[in-house]
Amino acid sequence: MLCKLLERLIVQQLMDYLTLANLLPQLQSGFRQCHSMETAALKVLSNILQAVDPGDVAALVLLDLSAAFDMVDHDILLQHLSLTYGISNAAHAWLRSFLSCRSQYMLCV
């Protein structure tokens, strides 16, 4: 329970930093306020309709990435956070500590 609270606090601080520093891609929908799967789907549909209306051909390829985060290499993620987003020093060390030796389990009652 405490871990989830801590995760929410970290996400909020990280998102505030990324938003303030304008480091998020404009069309990123995940983990952003006022963005959702619906807004992402509407953007894709709009792009397809804009291509098809004048007679162009449009193709859509869908990937299921629902478990993709489970496969993320933490060292690569930390390197990317440092190089791309400028996360360094205490924040980087804390994230490294938070991600190390992590495991999940489910308590069945």
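Glu-7 and Lys-4 sit three residues apart in helix α1, about one turn of the helix, helices being DSSP runs of H or I with at least four residues, numbered from the N terminus. Their side chains meet in a salt bridge at 3.6 Å, N to O; the term means a side-chain nitrogen of Lys or Arg within 4 Å of a carboxyl oxygen of Asp or Glu. Glu-7 is partly exposed, with a relative accessible area of 23% (buried is under 20%, exposed over 50%, partly exposed in between, with a 1.4 Å probe and protein chains only). The model is a predicted one, where local features need pLDDT of at least 70 and side-chain atom pairs 80 or more, while totals for chains, interfaces and linings use all residues. Residues are numbered from 1 along each chain as its sequence is written, and side-chain values use heavy atoms, without hydrogens and water.

The structure holds two salt bridges. The other pair is Asp-75 with Arg-96, whose closest N and O atoms are 3.2 Å apart. Asp-75 belongs to helix α3 (residues 74-85) and Arg-96 to helix α4, so this pair ties together parts 21 residues apart in sequence. Arg-96 is partly exposed, at 39% relative accessible area.

Helix α4 (residues 89-99) also carries Trp-94, which is partly exposed at 34%. Together with Leu-2, Leu-5, Leu-6 and Leu-9, Trp-94 makes a nonpolar surface patch of about 490 Å². Patches take residues with over 30% relative accessible area and no salt bridge, joining like charges within 9 Å and nonpolar side chains (Val, Leu, Ile, Met, Phe, Trp, Tyr) within 5 Å; areas follow the Shrake-Rupley method with a 1.4 Å probe, only the protein chains shown counting as cover for residues. Helix α1 (residues 2-20) gives the most to this patch, with four residues.

Note on methods. Helices (H or I, at least four residues) and strands (E, at least two) are DSSP runs, numbered from the N terminus.
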